[in-house]
Amino acid sequence: MSQDQNKNSQVFEGMANIGKGMATVMKHFGRKPVTLEYPEVMPDLSTRFHGRLALLTKSDGTDLCIGCKACAKVCPCNDLIQIEMHRDEDKKPVIDQFTIDKGRCIFCGNCTEVCPVDCIKMLPDFELSGYSREELVLDKHDLTLTGEESDEWRQIRGMNPHVE
Amino acid sequence: MSHMYLTGFPLLILLLAFAGVMPFLLMTIAQIVQFKAPGKGKYTTYESGMEPFGDARIQFDVKFYMYALLFIVFDIETVFLFPWAITYGNLELDSMAFMGMLLVEMTIFIGILLVGLIYAFRRDALKWQ
Amino acid sequence: MSEPTNENAPENKEPAPNPPQETPEEKGPEPGEFGKLLAENGLTVDPLGPDAVGVEMIGVAPDKVLDVAKFLRDSQITKMDFLMSVSGVDHKEYRESVYHVYSVDTHKSICIKVKADNDHVPSLMPVWPAADWHEREAFDLFGIIYDGHPDLRRLLMPVDWIGYPLRKDYKQDDPRLVWNER
Amino acid sequence: MVELVSVLKTMAVSQVQSYPDWLAQLFGFIGVSLPDDFLLFQWAVILFTAIAIVGQAAVVFMVLMERKVLAWLTQRIGPNRVGPFGLLQTLADGVKLLFKEDIMTRDQDKLLFTLGPALFFLPCFVVYALIPFTSELLAIALPTGALLFFALSSISVIGIVISGWASNNKYSLLGGMRSAAQAISYEIPLVLAVLAVVLYAGTMNIRDIIEMQNNGAFGFPFGFISWFSIWLFPLSFIIFFISSIAEVNRIPFDLPEAESELVSGYNTEYTGMKFATFFLAEYAALFAMGALTVCFFFGGYYSPLGGLLSETLKIDVILQSLIGIDGFAGLVRQLEMISWMMLKTYIFIFVAMWIRGSLPRLKPDELMGFSWKFLIPLSLINIFMIAIQKYWHVTSDLTFGLAWAAVLVLGVGGFCVMMSRHFTAKLEERFKPALT
Amino acid sequence: MTATDVTTPQIQIPGVSVEQDTDTEDLVVNIGPQHPSTHGVLRLITTLNGEVVKEMEAVIGYLHRSKEKMAEGVSYFQYQPTIDRVEYLSSFYDHYAYVTAVEKIAGLKVPKRVEYIRMITMELNRITSHLLWFGTFLLDLGATSPFFYAFRDREEIFKIFEDITGARMMYNYYRFGGLNNDITPGWLDKVRYFCDWFPDRLDEYEAIVNKNPIVMDRTIGLGLIDRELCMKYGVTGPNIRAAGVPMDLRKTNPYCCYDEIEFDVPVGERGDVYDRYIVRMKEMRESLRIIRQAIDKIPGGDAAEVEKLRQAVAAKEEAAKAKAKETGEKPEPVPPINPDFEFKGQKINLMTYKPPAGEAYTTVESPRGLLGCYMISDGTPKAARVKWRGASFSNLAALPELMIGQLYPDLMAIFGSLDVIMPEVDR
């Protein structure tokens, strides 16, 4: 190997190799650019993308969440997911508030994995910025999807499409 | 067209004045229009995010100036070569003997330069450290 | 890692109800390959059994660790020339300095545990110079003092930090911490 | 001021009595008839304005071109937001830099810190006076033009060293020191390479050198065959090109501002307009160097197809027959000249950008070694070679032809072999610690 | 800190004399923490004489985020996402070390399919890591284009990762005894396509860099590392292999399924910067070779096929249940699909998962070298101790010795060639 290099350190071969390298760079000159012009062209994201957090609902648009707080327990960030709930007369859980501080979320996806009813999900949407910190705290209204959207996502994710 | 050779001098002065004044002009305009947002950290010297220690204006090793010395020698000799080149380049066939003499002179001259360069090379004057 | 160091290690270790290192005196695990070798050469060590991966663990008294380390490094059988890491461990009552050593030639590794005597452990830098930064780190985070280390300063924490953060009894109540001001 | 103007005017009046006819054509075209007393001073002002506009426009375009070319070489799009195809990008950058805060730290030498960029800028712009954009659009055609060019361009180093020192920043200081060493080292091969051209042409006037190349000075009346690039090709041109890239501090010779080592070198501490001045001056210098390469080696403002196309194709006659306007020969010729000049210059600028996209940076010791141990001896041998070749050319004496061949083979070949041995020896020396 | 505090032991290198002239002053430069070529927040207090480095001390800890302390405060599963941040350029390796540590302590059985998918992702991750190194190394040397080319090709791998993990850098994909999710249908074809597409790109890189005289001048014979130095500082990975020591845990202590795969361990001759470059380039090709074999050998094959098998089993179970309902007997047991085809081993409750007491030191051959995870479990849901042995930590320790007597610009070549990443050093 060192023999090779000695040979190549010679003046003319060095120049030839520089030429070769420059020609290789020039090969790229006519190639199609690989960059995407983002706001006009959206990237093609995987359906599993760890993006916007959302709460799926039943097909009729009622809450799917049972308030078990499993997501809050496995979240690596302290108090990121906060759930306020109470039980109505039939001992059924009613979710009063479901808050996620998106500004502190690390999008690990732990919450989506432990959810026993497949309620909390991450959608392939990465445009999550806001103009203030307050804007980044999502409440239940911001998080909840409609019934149709939920069905659509369940279909895309290969889950049971209709949940009653 | 010989007159054009001299026409340029006023123009050269004009360009010199322009090039001399323009940076200051731009800087002055910038001073007037710029947005100022003073901050404490802004007015320290950049040293990779740390408070700088020691002075930057230090005494450098003499090896750095070796090149300057060599450069002066070579640059002056190059300047000497220019008139020679003009004379040599304008000669005609009828002054062949003179031309040969010029060639020999130049050979000696360049030879001395080369010997000097080799000497400097051998003495490690061209080592960057 | 699939059993790199000890052939005797069980293939699928069942969850052991009693971890070996907790009750070494009562049960006294059998000395492994290296433990026997050390014993043959007059260096007594506490055999602590293999760990979950199968690496043999030995417990060594602080005053003997340099000899053991030298033997492990120089012996033609062991050839333990590569110190992988030095980890401090806080067991609440005492602190431990754990050395994981690997042999580039025999591809085997060993774990040496040294109980700190009042937070003092001899530095293994004379045997394995690679211990330099690792020991500084353990000093930084656990307060284990490595005697004989030439340059025992804080490594990861700021120079003026108070306390040893990875100790179990460490409290994050330094008034200078930014998040305490909120 | 009034006296100065009058003095200049008197100077001008005494020198020349008329302005070029193509200027009258141009003004006639836009419907302005020149006054009778329109003399040289006014002509100089017009010329100055033209050069300033051409020069600044060239620089502004080059900044965009650099970014675009580097983007295309790496499969990116490049700036395309400001204006059509991003054409106004440089303007936007300039405006941004204008509004940026001009920060000066406590420890800096305020005067020198301000003077540095200006001193760097001055020569880079003044050398435009020496570049013949066309045979007429030329501020000053000095008999010693080439020499003045190098004299001026070496001033800019002082600007770099001053700003590096005044910054009171260690990186700036190192950048300044490196820059000084580099600029002086590469100036010698640069000048020696031009010496070969001067020897060939027998004049230092840049315009005359261009004219020489296209006058069939070597018995080849046809365009590029008579250019100096053909006759001085491998050695002089390559030495000149490499040295000129080194002189304008571009990759692979951009050590004064090596961003991975010295952060940004001598302009680390500069912000706002002062930085913009450096920026402008660097590109101006690159343009000047490209233009000079074209002037010395590639026939300047002439067409590669021989002489001028407009003369050969009689475009003015065709124009006359088409639109019926008379006497455009001069104007058309000027336009063609400046087009060729710009085209050729931009080709070299493109090559410089291509090199920037491809090559890594040299080490300072290699950089200095490359100049002192390689380029300078080679250019000395080259001069010797050219001199003998010239002799042969004049006398047609075959012995000199043989001598030329001998110098070519023994001198250059021997030198290259020697250098190869030197490098090989150095490599072996480097390997030694690992091999033993 | 002042200049006098620099107390790096003076190490003499034979053949290099660092003479001190009384006439010249030394320049003490802070390189970092905010410097373009320290790849993060490393601070090198360097004493320069002219441009020669006389002394150097590395100051680390600017990126210390107490990852080891965090492990003691959260549950095993909760800690997992933060591992990605320990070493974000090749976080599959950290995950693997962590997950296997837990698996070994708990004695969890891992399906073959899982191991193969882990192997493919890890090797792809090695390529991304080496590509980033390639780009930044050449950017440090001053070449701009390779940086963009490397990022262009990393993007392709990121797309592959994004398909199965949903993330581009912070994967959080491995689970104790399995994976987060099975691979997507057609994913293996994408990987295979990448394996066919990428060698041409590698050829292009090598055409640009390998024989370039400037690169060779700047790298050959510089930063010599030999076996003793590696042992002295614990240098591992391509750095030790460039020194001619074939220390590769994939070969010597095979974990995962590396013992079923054929591959070579590229070694260098001299142990200089150039050799490290060559070794990394060759390793990328070896990685491709491993991936190709793994794709062919993966149990169950494509996700769609496994899904078909799964559906078939489910259908049989349905039928058995229906039959049992009719007859009123117990449903016949249906043979499940091969357990090696599953992407999850034993069913465990991640939320409250606690391995039994025990300890394990798992080592992985990460792109930067030997990555160790020392885990002590005391039987509670929180780990008693997690110690990360980052390869960069030890590799960086060798830098000051390598730099003494070298020129300042060589710092970028030598430091770059060690492939140090600061989050792994500081953790």
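Between chain D and chain B there are zero salt bridges, where a salt bridge is a side-chain nitrogen of Lys or Arg within 4 Å of a carboxyl oxygen of Asp or Glu. The two chains do meet, though: 91 residues of chain D are in contact with 77 residues of chain B, contact being heavy atoms within 4.5 Å. Together they bury about 8000 Å², and 77% of that area is on carbon and sulfur atoms. Three residues, D:E101, D:K170 and D:W372, supply 9% of the area that chain D buries against chain B, more than any other three residues. Buried area here is the accessible area (1.4 Å probe) that two parts lose on being put together, summed over both.

A word on what you are looking at. This is a predicted model, in which local features need pLDDT of at least 70 and side-chain atom pairs count only at pLDDT 80 or more, while totals for chains, interfaces and linings use all residues. Residues are numbered from 1 along each chain as its sequence is written, chains are lettered from A and ligands numbered from 1 in the order in which they are written, and side-chain values use heavy atoms, with hydrogens and water left out.

Salt bridges do turn up in the structure as a whole, with 60 of them over all chains. One of them joins C:D105 to E:R227, whose closest N and O atoms are 3.4 Å apart. This pair crosses between chains, from the loop between β4 (95-102) and β5 (109-115) of chain C to helix α8 (residues 227-233) of chain E. Helices (H or I, at least four residues) and strands (E, at least two) are DSSP runs, numbered from the N terminus. C:D105 is partly exposed at 37% relative accessible area, and E:R227 is partly exposed at 25%; buried means under 20%, exposed over 50%, and partly exposed in between (1.4 Å probe, protein chains only).

Within chain D, D:D93 forms a salt bridge with D:R67, with the closest N and O atoms 3.0 Å apart. Because D:D93 lies in helix α4 and D:R67 in helix α3, the pair ties together parts that are 26 residues apart in sequence.

Chain E has its own example in E:K112 and E:E260, whose side chains meet at 3.0 Å, N to O. Here helix α4 (residues 112-141) is linked to the loop between α10 (249-252) and α11 (273-297), with the two residues 148 apart. Also in chain E, a network of salt bridges links E:E123, E:R126, E:R241, E:D248, E:R250, E:E283 and E:E365.

Staying with chain E, take a look at helix α2 (residues 76-83). Eight of its eight residues are buried, so the helix is largely enclosed by the rest of the structure. Among them are E:Y76, E:F77 and E:I83.

Finally, return to the surface of chain D, where D:F61, D:F85, D:L87, D:L88 and D:L91 form a nonpolar patch. D:L88 lies in the loop between α3 (40-73) and α4 (89-99) and is partly exposed at 41% relative accessibility. Patches are made of residues with over 30% relative accessible area and no salt bridge, with like charges joined within 9 Å and nonpolar side chains (Val, Leu, Ile, Met, Phe, Trp, Tyr) within 5 Å.

How values were computed: Areas by Shrake-Rupley, 256 points an atom, 1.4 Å probe, with all protein chains shown as cover.
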